[in-house]
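Please look over this model with me.

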Amino acid sequence: MLDPAAHVIAKCGGPEAVAAMVGIHPSNVHRWTYPKDKGGTDGRVPTRHHRKLIEAARAQGITLTPDDFFHGAAKTPAPAAAPAADPARFPHRHILGIEGLTADQITYLLDRADGFVALSRSRRKADLLRGRTMINLFFEDSTRTRTSFELAGKRLGADTINMSVATSSVHKGESLIDTALTLNAMHPDVLVVRHPHSGAVDLLSQKVACAVINGGDGSHEHPTQALLDALTIRRRRGHIGGLTVAICGDIAHSRVARSNIHLLTTMGARVRVVGPPTLVPTAIDRMGVEVFHDMAEGLKDCDIVMMLRLQLERMHGTYVPSLRENFHFYGLDYDKLANARPDALIMHPGPINRGVEIDTAVADDVERSVITEQVEMGVAVRMACLEAVTNNLPLPLPNAEPRS
Amino acid sequence: MTTRTAYINARLMDPSCNRDEIGALVVEDGRIADIGAGVLAGGAPDGMAVVDCGGHVLAPGLVDSRVLVHEPGETYKESVASAAAAAVSGGITTICTLPNTNPVIDDVSLVEFMIARGHDAGLVKLHPFAALTVGARGEKLTEMGLLREAGAIAFTDGTAAIADPVLMRRALAYATTWGALIIQHPEEPNLARGGQMNEGEIATRLGLQGIPPCAEVMMIERDLHLVALTGGRYHAAHVSTAAAIDAIRKAKGRGLDVTCDTAPHYFGLNETAIGEYRTFAKLSPPLRTEDDRRAVVEGLADGTIDIVASDHIPQDPDSKRLPYAQSIAGATGLETLLPLVLELYHNKALSLMAALRAVTCAPAARLGLDAGTLAKGAAADFTVIDTERPWRIREDHLLSKSRNTLFDGRPVQGCCLRTVIDGRTVFARED
């Protein structure tokens with residue numbers, strides 16, 4: 001069957017049933033199966049009906065998923081591996097961290113994200129988030145993460161708004177909670193929040209009615225970064241479990257390291273952390289990782305080398321004597337990389353400090369470095385996260401939908 | 001005309017002389033006129049008011065040796081009046097106040113102000129600590145002699161450590177002139193700088209900068225050397241780590257004039273109370289590991305830790321409803337001091353007598369106060385305690401202006417039924 005509308009109509013029990021479900025005349029439903037030049041929709045169900053139809057179908061015990069609306073459509077083949085959106089598989093209102101997520105929930109997000117990669121590459125937009133408003137609330141400078149979230153929201157049809165709040169102005173006046181209450185009164189559906197203090201996003205999430213996605217809080221967690229790293233690894237290697245991953249550099253100040261440790265250990269990878277003792281936090285071995293202070297040893301036979309940026313802005317006092325010395329012992333160059341498996345992938349959450357933690361030639365090695373791929377996966381993963389949390393929200397108010 | 005009141009049918013418990021007997025206590029003109037098992041055995045004479053204690057414990061009023069009242073300066077968090085009302089409802093008859101107000105209590109007129117405010121409140125007896133350094137900035141000594149004459153009972157920079165070893169040496173030496181007590185907040189500030197909680201697995205998971213536990217023992221060890229050098233009198237406030245307690249245990253063995261106290265948070269909770277960034281559990285020193293908590297209980301049991309103080313640091317919601325790193329440390333404690341100390345008795349860590357000693361005669365003796373005893377002739381400051389009554393701590397039932405208790409919802413056993421100061425009943429539980 002190459003006609004998604006017919007497929008959906010059949011699945012829902014005929015045109016009359018579908019008409020009743022969405023509240024339109026059956027003749028309009030028939031028209032979905034006509035070609036465009038005859039006043040039809042070319043075999044597509046108009047996107048404005050998707051959500052209502054899914055809801056109504058669910059109420060009647062019919063399993064209808066967004067993929068059904070693309071079923072058999074030649075122009076946008078649904079990714080074979082991607083499972084249908086299923087709120088039951090991701091029952092969280094917020095995504096505040098990786099800690100606490102199960103392997104199945106992580107797999108679900110990665111599977112959904114995999115499907116969105118194809119959508120992104122096709123330059124098409126879905127409208128799963130049509131009528132939704134998301135606000136990017138950034139208390140810390142960011143270009144890549146904010147842009148990535150914005151693009152993810154737009155590719156799903158959400159209205160996206162960016163707010164940058166310099167921390168200094170927060171110090172002067174409005175507290176974090178007041179900011180949260182102000183935004184809450186504007187009724188957004190999703191808040192994406194980045195904040196320089198650990199736990200701040202968690203605090204904010206307790207005060208708002210919408211879904212909250214952590215875009216990075218202090219040195220605590222950066223869940224979407226870990227998910228995009230995982231997606232990159234999985235697409236390259238086919239699996240995560242059983243791999244040996246070395247996370248190298250400034251572990252102490254890194255939220256990326258913490259989220260990745262949680263994710264990778266949950267998915268069954270072996271995780272090593274490599275860095276000078278001053279940048280490896282106390283008792284990190286209790287999180288299930290092996291600690292190395294010698295980079296050659298730490299990289300030995302590993303499948304993935306994940307480099308971290310030296311977060312100089314979070315360092316008060318000396319942690320490493322100089323960048324030159326740091327690069328000498330902990331910068332990734334071909335000599336050190338030679339200890340890893342020959343096909344080991346090089347990853348970096350960006351922005352890269354060339355010559356500080358990674359040699360330029362290594363960073364640009366198209367055979368080994370997947371740094372730009374990580375950026376691409378970032379958008380897909382954030383689409384999956386946005387979809388997952390909005391699926392657990394109440395539906396948008398009916399007047400947000402254009403009338404039929 | 002003298003007024004006499006008899007408190008009969010009481011279990012008289014006086015840790016200052018290890019009295020533990022059923023009997024009666026007679027108050028005359030605000031002082032204890034008589035006490036003992038045989039007192040009023042033949043019944044109270046006509047005209048004497050009689051209070052039947054119902055067999056409950058009658059103990060000296062509690063002496064809380066570490067209270068921040070926030071007056072002057074931040075009376076929206078707490079005032080002398082509100083702290084006094086909270087204190088007496090918890091069986092406390094004497095409080096010693098920290099100098100970390102705005103302005104800092106570092107001047108004779110400010111010490112006099114604090115004492116006057118205590119009188120005005122007319123409830124609990126207030127004894128101010130004076131700052132050891134001007135502005136509690138740790139740079140220049142205050143006028144210790146004059147402050148002492150004005151009524152300051154000991155010297156401390158309160159919530160700030162005396163970091164400079166030369167200054168600490170001079171302070172200890174100078175204070176020996178009057179035998180004045182120096183109280184330290186034992187934390188090496190450079191090592192602790194930027195720290196938010198106890199260093200370890202939980203801090204690492206939460207992405208919060210840790211304070212290594214050795215920051216406490218380092219400062220205490222340094223001070224102990226200076227005490228040996230100067231012959232000074234030294235008290236380490238709110239000790240929280242096993243190593244620090246061990247250092248003090250050894251110093252006492254060497255005969256140094258050293259004491260220490262702890263607060264209920266440090267034997268009632270450990271760092272897991274922080275959970276997911278619970279700012280009410282942000283304290284200075286931070287909550288420690290379970291091993292340290294047990295060491296605090298052991299230190300109390302073997303007498304290394306002399307005193308339990310509430311470490312009452314009230315904070316308003318705006319100081320606590322912040323990201324963890326930005327929130328201000330401290331927790332209230334006046335009203336929960338008694339039940340949490342009694343928890344040590346109910347858990348069989350301490351005898352009832354030892355538990356009461358740590359909050360009555362031990363702090364009174366160390367600070368040289370006329371309090372903490374039921375001796376004949378002493379001020380009639382005492383409390384009647386039902387040691388068994390179960391209840392649940394509720395933040396919205398607290399009388400302190402601030403509600404930042406760490407123990408909200410905790411089931412406890414034992415409460416104050418009546419508090420008497422100078423023979424006057426200042427609190428009586430109605431239910």
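The numbered points below take these topics in turn.

1. This is a predicted model: local features need pLDDT of at least 70 and side-chain atom pairs count only at pLDDT 80 or more, while totals for chains, interfaces and linings use all residues. Residues are numbered from 1 along each chain as its sequence is written, chains are lettered from A and ligands numbered from 1 in the order in which they are written, and side-chain values use heavy atoms, with hydrogens and water left out.

2. Start with helix H7 (residues 214-230) and helix H8 (residues 242-253) of chain B, which pack at an angle of about 20° with axes 8 Å apart. Axes are lines fitted to C-alpha atoms over the stretch in contact, and angles run from 0 to 180 degrees between N-to-C directions. H7(B) and H8(B) are therefore roughly parallel (angles under 35 degrees). Helices are DSSP runs (H or I, at least four residues) and strands are runs of E (at least two), numbered from the N terminus.

3. Which residues of H7(B) meet H8(B)? Glu216(B), Val217(B), Ile220(B), Glu221(B) and Leu224(B) do, with contact meaning heavy atoms within 4.5 Å. Their partners in H8(B) include Ala247(B) and Ile248(B).

4. The largest pocket holds about 1,000 Å³ of space. Among the residues closest to its centre are His253(A), Tyr319(A) and Gly194(B). A pocket is an open set of points on a 1 Å grid over the protein atoms alone, with protein on both sides within 12 Å along at least five of seven lines; a cavity is a set where a 1.4 Å probe fits but cannot get out; lining residues have an atom within 4 Å of a point.

5. The largest cavity has a volume of about 80 Å³, the space filled by probe spheres set on grid points joined across faces, edges and corners. Its lining includes Ser65(B), Phe129(B) and Asp261(B).

Definitions and conventions:
Angles under 35 degrees count as roughly parallel, over 145 as roughly antiparallel, 65 to 115 as roughly perpendicular and the rest as oblique.
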